[in-house]
Amino acid sequence: MDPFHAKLVAAATGSTMTALTMTPFDVVKTRLQTQPRVPLFSPPPLNKCCQPAHIPCVRNMSSYARPLATEEVVCIFDHGIYRTERVNGFLDAVRHVWRAEGMRGLWKGVGTTLLIGVPSSSIYMLTYDHLLRNVLPPLIPSPMFIPLVAGITARASLTSLFSPLELIRTNLQSTPASPDKPHTLPSVLASVRSIVQKQGISFLWRGVGPTLWRDVPFSGIYWAGYDTWKRFFESRGKKGAYVAFACGAISGTTASLVTSPFDVLKTRRQALLMTGTMSSQTSATIPLLAHIVRTEGTAALFAGVLPRTAKIAPACGIMIACFEGVGKFLEKEQD
């Protein structure tokens with residue numbers, strides 16, 4: 001197989017494997033970033049009677065609500081069982097999604113992720129490789145800056161192109177306004193269609209600013225770090241797919257931690273757009289940043305950082321290991 005087609009197959013293989021294995025982490029990350037500040041179902045007040053006013057009080061409310069007999073009534077709970085919608089941390093989010101939506105809930109949006117991920121990641125990797133090997137070396141004298149510029153240029157172009165699909169995927173995975181009305185692809189598409197009719201086609205690119213703030217620095221940091229770690233291992237005689245995986249995972253972790261606040265801004269802004277709650281305070285990146293810090297604290301800018309990093313580290317490793325390993329294998333097969 002010629003080098004171009006080998007790289008194309010390798011990139012598609014890596015992006016498909018990444019989408020199928022890492023989507024649950026993306027769902028959990030998005031839920032943590034978009035959940036309401038207070039539970040949808042508030043804890044019951046202590047010592048308050050849960051019967052209607054015309055029925056004698058036979059049971060007080062407590063934080064340990066239990067299934068009740070048919071003649072008893074619960075005022076605010078789901079079928080008599082105390083529920084809370086707010087999740088606290090990664091494992092609690094996994095349990096919550098699994099309990100409410102089943103195993104399929106953890107892969108919500110995987111179809112859209114494949115639709116976005118396979119073509120965009122394949123084009124991105126091929127664009128980066130072309131810039132790295134052919135376009136930038138004659139223009140940039142320092143080899144250290146070539147991966148940085150190539151990564152930034154490729155990511156900025158692809159992020160702008162695929163922003164509408166990212167908007168749909170984010171809202172498909174976001175926390176629903178009501179637990180009885182989970183997001184589905186038809187419902188999200190219907191909402192998008194309705195808003196586009198009112199606000200115009202440019203709505204599909206609303207939120208691209210925070211996405212660029214996240215993806216462009218991430219890409220630059222990632223590729224600069226990957227090239228540095230790869231040269232470090234090669235200087236010690238180590239190379240191959242496992243080295244590519246390690247370099248990708250390390251660089252991806254670093255880039256994820258640095259750009260996490262911008263990921264929160266991107267997710268919040270796209271979710272606000274779909275719910276129609278965008279205000280002057282949340283219409284631009286810097287005002288939204290200031291609003292979150294003022295109302296929720298700095299820690300809110302790192303919501304979902306654990307599942308995001310847990311996804312990105314192996315995802316970057318899988319992607320680059322497939323791109324280099326599968327690509328070189330297919331090229332050797334031709335030889």
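This is a tour of one predicted model, stop by stop, with what to select at each.

Residues are numbered from 1 along each chain as its sequence is written. In this predicted model local features need pLDDT of at least 70 and side-chain atom pairs count only at pLDDT 80 or more, while totals for chains, interfaces and linings use all residues; side-chain values use heavy atoms, with hydrogens and water left out.

**Stop 1: the whole chain**

Show the protein chain as a cartoon. It has 11 helices and 0 strands. Helices (H or I, at least four residues) and strands (E, at least two) are DSSP runs, numbered from the N terminus. Of the 335 residues of the chain, 44% count as buried. Buried means under 20% relative accessible area, exposed means over 50%, and partly exposed lies in between (1.4 Å probe, protein chains only).

**Stop 2: the largest cavity**

Select Ser-121, Arg-155, Arg-214, Asp-215 and Lys-311. Among the 36 residues that line the largest cavity, these lie nearest its centre. On a 1 Å grid over the protein atoms alone, a cavity is a set of points where a 1.4 Å probe fits but cannot get out; a pocket is an open set with protein on both sides within 12 Å along at least five of seven lines; lining residues have an atom within 4 Å of a point. The model has 2 cavities of 30 Å³ or more.

How much space lies in the largest cavity? About 910 Å³. A volume here is the space filled by probe spheres set on the points, with grid points joined across faces, edges and corners. The lining divides into 15 nonpolar, 11 polar and 10 charged residues. In this count Ala, Val, Leu, Ile, Met, Phe, Trp, Tyr, Cys and Pro are nonpolar, Asp, Glu, Lys and Arg are charged, and the others, Gly among them, are polar.

**Stop 3**

A salt bridge is a side-chain nitrogen of Lys or Arg within 4 Å of a carboxyl oxygen of Asp or Glu. The whole structure has 7 of them.

Arg-214 pairs with Asp-215, with the closest N and O atoms 2.6 Å apart. Arg-214 also pairs with Asp-263, again with 2.6 Å between the closest N and O atoms. Arg-214 lies in helix H8 and Asp-263 in helix H9 (residues 241-275), so this pair ties together parts that are 49 residues apart in sequence. Are Arg-214 and Asp-263 buried or exposed? Both are buried.

**Stop 4: the second largest pocket**

Helix H4 (110-135), helix H5 (146-161), helix H8 (208-234) and helix H11 (305-334) each supply at least two lining residues, and H11 gives the most, with 6. The lining has 10 nonpolar, 1 polar and 8 charged residues.

Lys-230 lies in helix H8 and Glu-324 in helix H11, so the pair ties together parts that are 94 residues apart in sequence. Lys-230 is partly exposed, with a relative accessible area of 23%, whereas Glu-324 is buried at 16%.

**Stop 5: helix H5**

Select H5. Its 16 residues reach 23 Å from first C-alpha to last, close to the 22 Å expected at 1.5 Å a residue. The expected span is 1.5 Å times one less than the number of residues. The buried residues of H5 are Ile-146, Pro-147, Ala-150, Gly-151, Ala-154, Leu-158 and Thr-159. Seen down the axis, they fall within an arc of 165°, so they line one face of the helix. The arc is that of the directions from the helix axis to the C-beta atoms.

**Stop 6**

Select residues 285-296, which form helix H10. Thr-285, Leu-288, His-291 and Ile-292 are buried there. They cover an arc of only 125° around the axis, which puts them on the same side of H10. The face turned away from that buried side carries the exposed residues Ile-286 and Arg-294. Gly-297 follows H10 and has a positive phi, near 95°.

Finally, select Leu-265 in helix H9. Leu-265 is buried, with a relative accessible area of 1%. The C-alpha atoms of Leu-265 and Leu-289 are separated by 6.9 Å, and the two residues are 24 residues apart along the chain.
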